[in-house]
Amino acid sequence: MTSTPFPSGAISQVSGPAVVLRGNDIDTDRIIPARFLKCVTFDGLGAQVFADDRSEQNGEHPFDRPEHQGAAILIVNRNFGCGSSREHAPQALLRWGIRAVVGESFAEIFYGNCLALGIPCLQASSEEIDALQTAAEAAPQTSASISLEPAAIEIEGRRWDLSMAADAKNRLLGGQWDATSQLLQQEQALQDTAARLPYMQGFVASR
Amino acid sequence: MSTATLYDKVWALHQVAELPSGATQLFIGLHLIHEVTSPQAFAALKDLGLSVRHPERTVATVDHIVPTTSQARPFADGLAEEMLSTLERNCQEYGIHLNGLGSGRQGIVHVMAPELGLTQPGMTVACGDSHTSTHGAFGAIAFGIGTSQVRDVLASQSLTMNKLKVRRIWVDGALQPGVFAKDLVLHIIRTLGVKGGVGYAYEFAGPAIEALSMEERMTLCNMAIEGGARCGYVNPDQTTFDYLKGRPHAPSGEAWDRAVSWWKSLASGADACFDDEVKLDAATIAPTITWGITPGQGIGVDEAVPTLEQTPEEDRPLAQEAYRYMDLQPGQAIAGLPVDVCFIGSCTNGRLSDLRAAASIAAGRQVASGIKAFVVPGSEQVAAAAEAEGLDAVFRQAGFEWREPGCSMCLAMNPDRLEGRQISASSSNRNFKGRQGSASGRTLLMSPAMVAAAAITGHVTDVRSLPPA
């Protein structure tokens with residue numbers, strides 16, 4: 001578990017050791033099994049991340065290996081975070097210590113949940129991810145560094161270009177990944193939108 | 001870029017603003033909450049000193065954690081009790097209506113809202129649950145969100161969203177007897193893959209879709225997310241309007257007529273353009289069942305577990321993991337595979353028509369010895385309707401347990417779960433490792449009728465070939 005502070009403000013780079021988790025379609029039930037969702041705060045989730053996979057692998061899961069303790073960057077494969085919308089999944093990763101995820105692709109709800117917590121999810125082709133994973137596995141204790149603009153990761157002097165959707169990048173760089181205050185700024189537009197939706201007026205005859 | 005689709009029209013109507021990041025601020029017409037993904041959202045609201053902007057547009061129920069045997073309070077599970085009492089307190093404090101246990105209106109959130117007429121065409125619907133895609137059956141744009149976004153909807157009745165592309169899935173022909181909407185959606189996911197829908201909304205259209213009842217459309221849209229599509233929808237038509245008319249929250253009188261004409265105007269027009277289109281023939285689809293650990297690992301009940309050679313190279317590691325986890329051999333026939341537990345219910349298949357289909361198989365037959373079989377209605381209304389027509393008695397006489405409404409063993413956040421390496425025939429939506437409450441438990445997804453057939457024979461059975469009772 002981490003003592004690194006949680007994300008706040010503008011996020012332009014993330015650095016720290018990288019941990020590799022191979023496999024396509026790793027779902028949020030695996031990231032955090034449903035029984036751990038019985039909670040009214042997210043506080044205890046860090047210890048429970050990948051609980052069943054870790055217990056099955058008996059100490060050999062990357063999240064249990066001693067060389068990966070303190071890792072901040074997670075490198076995954078395709079469609080990571082599919083399935084349930086539970087924000088508990090990125091919350092558990094965050095509380096374990098993950099501050100950025102790099103993968104071939106992400107499930108959309110998971111991606112949005114990460115963004116809302118200030119965790120950048122960056123992408124690369126499957127060949128590049130494979131090379132990146134190999135490089136990261138060879139240097140588990142080395143600090144890798146991710147920049148958002150331009151989107152790239154560097155491990156042991158080798159550099160890979162990454163991609164990231166423009167709006168997510170803008171929100172992280174601008175420190176606006178936590179959307180609430182922005183949404184509340186649009187008072188007039190919110191009123192106007194509600195006013196033009198017939199169901200918001202009970203379908204009364206327009207005047 | 002898609003144009004003139006229902007998705008485009010509903011999106012444009014709900015667009016509040018373009019945010020500086022380039023994302024859209026989208027107004028949410030209906031917000032549904034439950035006990036699992038809302039407590040932290042309310043806590044955050046409190047921390048920020050914010051109120052709920054439109055408490056009348058948020059409706060709550062309790063579903064994930066409720067026991068399905070005794071629902072007496074306090075629950076035996078202290079954590080479950082704490083979650084429900086927290087929801088009750090939050091709803092009371094913020095003036096949000098809660099369809100609680102015993103209200104006659106409690107149920108799985110995606111069963112409850114449609115049957116009350118809360119879900120209507122042309123709305124945007126959000127809920128902290130990925131199966132919110134269900135509500136797309138009405139021609140709504142409905143999608144699951146995380147807890148931070150639940151907070152945002154509570155505070156602002158809006159969300160930061162990016163517009164999706166639209167793929168039309170056109171289904172010709174008609175489903176054959178013994179083949180249901182569940183088989184259709186498992187077939188679609190098998191065909192397009194579990195990530196095929198990432199970045200897309202799925203519009204389901206064509207003669208086979210138009211022929212589906214509202215409950216069947218809900219089953220179909222429910223599992224759009226299993227295909228990677230955050231939302232799926234069906235254009236509203238007479239079937240939609242007939243379903244909605246007279247429901248508690250549906251408009252009535254003159255408002256009804258105005259609503260119907262507005263709803264009709266939102267359907268994808270003849271001039272609609274799609275980003276992508278896929279065509280399927282419903283008549284070729286067999287009862288479909290998953291054999292692996294993702295919903296995309298599906299096959300016809302008359303097929304064998306695919307071999308590695310039959311599997312695209314990129315999917316082979318997952319197939320190998322699935323053989324091992326499921327303890328299945330490549331090339332092994334799926335029919336005849338023994339099961340331990342049979343579960344009928346969930347937001348996918350816990351509605352009255354699902355229970356009728358299963359009951360028609362159970363009637364006059366007996367659950368095989370050693371099989372645990374149970375039926376969990378999707379809501380208190382479904383339970384009452386099923387009991388009124390005697391389905392509970394049919395199930396009980398056949399040896400099924402008849403339970404109280406809730407999410408039950410779909411995700412096992414309640415006492416209903418697999419033990420050890422038990423294998424279940426399940427009418428739910430996810431066969432992920434550990435999904436049904438045991439870290440080594442195994443799940444075969446199928447239609448309610450197929451689950452009932454498996455309960456009767458004790459093994460995976462083509463429901464079309466079951467000998468007469």
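**Sheet, helix packing and chain contact**

In this predicted model, chain A contains an open sheet of 7 strands, arranged in the order S4-S3-S2-S1-S5-S6-S7 with mixed pairing. The edges of the sheet are formed by strand S4 (121-123) and strand S7 (158-161) of chain A; each has a single partner strand, so one side of each is left without a neighbour in the sheet. From one strand to the next, the twist averages 30°. In general, the strands of a sheet pair through backbone hydrogen bonds, in either a parallel or an antiparallel manner. Strand S6 (residues 151-155) of chain A and S7(A) run antiparallel and are joined by 4 bridges. Within this pairing, A:Glu154 has A:Arg159 in S7(A) as its bridge partner.

In chain B, helix H13 (residues 352-362) and helix H15 (residues 391-398) have axes that come within 9 Å and cross at roughly 40°. With this angle, H13(B) is therefore oblique to H15(B). The crossing of H13(B) past H15(B) is left-handed. H13(B) contributes B:Leu355, B:Arg356, B:Ala359 and B:Ala362 to the contact, where they meet B:Leu391, B:Val394, B:Phe395 and B:Ala398 of H15(B). The residues of this contact comprise 7 nonpolar, no polar and 1 charged.

Between the two chains, 65 residues of chain B are in contact with 57 residues of chain A. On the side of chain B that touches chain A, the most is given by helix H5 (residues 147-156) of chain B, with 7 residues. By residue class, that side of chain B consists of 30 nonpolar, 25 polar and 10 charged residues.

Note on methods:
Residues numbered from 1 in each chain as written. Chains lettered and ligands numbered in written order. Predicted model: local features only at pLDDT ≥ 70, side-chain atom pairs only at ≥ 80, totals over all residues. Contact = placed C-beta atoms within 7 Å. Helix = DSSP H or I, 4+ residues; strand = E, 2+ residues; numbered from the N terminus. Nonpolar A, V, L, I, M, F, W, Y, C, P; charged D, E, K, R; others polar. Pairing = 2+ DSSP bridges. Axes fitted to C-alpha atoms, helices over the stretch in contact; angles between N-to-C directions. Parallel < 35°, antiparallel > 145°, perpendicular 65-115°, else oblique. Left-handed = near helix turned anticlockwise from the far one by under 90°.
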